[in-house]
Structure formats: C-alpha cells, structure tokens
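Please read this briefing alongside the sequence and the structure. It goes topic by topic, in short points.

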Amino acid sequence: MVDLKDAIADAMVQVIKLAATRVRKDVRNLIAAAAKEETNQLARKQLEYLLQNFELAAKECLPYCQDTGTIHVFGTIGEQFPIRAGIYAAIEAGIVNATKTIPLRPNSVDPISETMKYKDNTGPGLPDVSLRVVPGDMLELDVLLKGAGSENMSKLVMLEPIGAKERIPGIVREYMINAGGKPCPPVIIGIGIGGSASTCMGIAKKSLLREAGAPHPDPATHTLEIAIKDAVNSTGIGTMGLGGAITCLAVHVDTCARHPASFPVGIVVQCYAHRHARVRVEKDGYKTIPEEFYP
Ligand code: SF4
C-alpha cells in the first residue's frame, strides 16, 4: 500500500522538475511564432536563443533560468481523497527534496533580518499554497515557479468604477512601459478584475495557469484581453527590452463580482520563463501528469 504522503512529496519533486527544466508546449509555440513574426533582427535573434535554451535545458535536465523563483501551489482536493492531515507537510517535503536534487536556487530569506536565509525554498508563509475542496477522489496540484524579475512588476490599481473598464488597456500599457525589460519579455500578463484588493491579485496570478493565449470564454472579456495585448505590443519594448513588435505573448483576464463602489484591477506579469506544471495524485497514490501542457 503506497503511503499517500510520500506519493504527494514525490509528485511535487516530479512536477517542479518538469516546470523548471521543460517549457510548456503552448508557451514554446507562442515564442516560436514570435521568432518568425518579429521584424527587429536583434529581438528575433534573442527569441531564437530562448528556443535553443529550452532545448539545451531539456536535454541536460537543468533549469532554463537561474532564478528558479518562489514556489506557488494551487491545488484541488477531492472530498473523497483519503487523507487531509499531513498534506501541507508532504508538499513542503517535496519542495525541500526538489531544491536539493534538481537543484533549485534557495530563494527564501527573512524580510527583516537580511542575514537569515532559509536553505530549501520554504519558510514562514512559503510555499504559497492554496487548496480548494471539490467533488471527487483525487488531489490535483498546479505548481508555478515565479521569478523575482517578473513578480516585482505585480501591481494593484483601485479605480473609480465609472469608465474603469475602458481605462485598463492604457493603464497596463503605461505600467509596462515603466517595467521595460525588467520582467524579461516577451511576457504573459494576468489581469484580475473585481473582488477585493487581495482577490483580484489572486485571480490574476491564477489566470496564468490557463493555456497561454486561449481566449476567455466570455466574448466581451476576450475583447478586453485583445485590447490590452495590442496596447502592450504597441510599446515597442520587445524581447528582453531590445525593441520590437512582440513584448506580450498573451493576456489572460479573469473577473469576479465587485462592490459597486470599487473597481480593483490586479496586474501580474509572467516572464518568458513561464514555469508551470500540473500533477494528479489518485487515491491509491498513482500519479499522472496531464498531457495538455507536456505531451
Ligand atoms: S524574470 Fe523570469 S526569465 Fe527573467 S531572470 Fe527572473 S525568472 Fe528568469
């Protein structure tokens, strides 16, 4: 009988390694398309280097960026999944093991006492884990490795509701001009609209887990995604800030209900190194990586 806590810890190592060393198929396809489309020769060359870097990293089984980020875990747990106790500890154990064996850069430090470093990518409040209970009997974990260069560009804007929606593309454009090459473009941008200050940032980050560039099912929301993407690509920032037509690969907007007097907008920027992978752990401990991103 498989120990489910061991299975979860192993699943974490497996999924972190996948995310850190192999690019998602949809992201690679967008970067390959950008390399064909880009007319700025310097930016195009850089895009080709990114594609070569992906190939080398996969071949050598090594992370394709030196900043392996902070680790976010978005999970769902089936009501009939056999265990509850020990799941967080198992996720942490997986991260500690992944840090040592892949290896990952230890990216967890105390915010006040700068000399205090945690050596294994855990620490108070890290990893950032959210688990939702859903019908079913399996555990599904989405792991996102978020580098500092892009995470530092996160922004919350609280707008006056009147005319707010129309202002969003221009606000994001101005914001990305200030960001320039710092988030390592070409980027994917998650936008959360509505809820509270904290919920809109949360849904903005979670929107990054969608297939890159897949349209939001609501046509009006997708129209806004296109308007934001076009606004960002009109900046000419280009790959790594070298200039060019393609700064943004995709924009994902997600929404939730808001207070009539509030219009929160969360902006979460993801660099070209969009390190995300998903694993499912069944009630008998059997693990699978769904094929949508890593066929
Ligand atoms: S922003 Fe992304 S690609 Fe750039 S250094 Fe950080 S993790 Fe790496």
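Predicted model: local features only at pLDDT ≥ 70, side-chain atom pairs only at ≥ 80, totals over all residues.

- Seven residues from domain 1 and six residues from domain 2 make up the contact.
- On the domain 1 side, strand β5 (residues 139-146) gives the most, with three residues.
- That side of domain 1 has two nonpolar, two polar and three charged residues.

**The five-stranded sheet**
- The sheet is open, with mixed pairing and the strand order β4-β1-β5-β10-β11.
- Its edge strands, β4 (128-134) and β11 (287-288), each pair on one side only.
- Strand β1 (residues 70-78) runs antiparallel to β5, and eight bridges join them.
- Within that pair, His 72 has Leu 144 in β5 as its bridge partner.
- β1 runs parallel to β4, with seven bridges between them.
- Gly 78 stands opposite Val 134 in β4.
- Strand β10 (residues 275-281) and β11 are antiparallel and joined by two bridges.
- Arg 280 has Thr 288 in β11 as its bridge partner.

**Helix α4**
- Helix α4 (residues 87-101) has 15 residues, so at 1.5 Å a residue it should span 21 Å.
- Its end C-alpha atoms are 21 Å apart, which agrees.
- Among its buried residues are Ile 87, Ala 90, Ile 91, Ile 95 and Ala 98.
- Glu 92 and Thr 99 are buried too.
- What do the buried residues of α4 pack against? They pack against α1 (4-21), β1 and β4.
- An α-helix has 3.6 residues a turn, so residues three or four places apart point the same way.

**Arg 258**
- Arg 258 sits in strand β8 (residues 248-258).
- With 17 other C-beta atoms within 10 Å, Arg 258 is partly exposed.
- Leaving out residues up to four places away in sequence, Arg 258 touches Gly 194, Gly 195, Phe 263 and Pro 264.
- Pro 161 is 97 residues from Arg 258 along the chain, and their C-alpha atoms are separated by 9.9 Å.

**Cis peptide bonds**
- The bond from Ile 102 to Pro 103 is cis, with omega near -10°. Pro 103 is in the loop between α4 and β2 (108-109).
- Leu 126 and Pro 127 are also joined by a cis peptide bond, with omega about 0°. Pro 127 is in the loop between β3 (117-118) and β4.

**Positive phi outside glycine**
- Cys 61 is not a glycine, yet its phi is positive, at about 60°. It is found in the loop between α3 (41-60) and β1.
- Is Cys 61 buried or exposed? Cys 61 counts as exposed, because it has 11 C-beta neighbours inside 10 Å.
- Met 240 has a positive phi near 55°. It lies in the loop between α8 (219-233) and β8.
- Met 240 is buried, because 23 other C-beta atoms lie within 10 Å.

Methods: Residues numbered from 1 in each chain as written. Pairing = 2+ DSSP bridges. Helix = DSSP H or I, 4+ residues; strand = E, 2+ residues; numbered from the N terminus. Contact = placed C-beta atoms within 7 Å. Nonpolar A, V, L, I, M, F, W, Y, C, P; charged D, E, K, R; others polar. Expected span 1.5 Å × (residues − 1). Buried ≥ 20, exposed ≤ 12 C-beta atoms within 10 Å, placed from the backbone.
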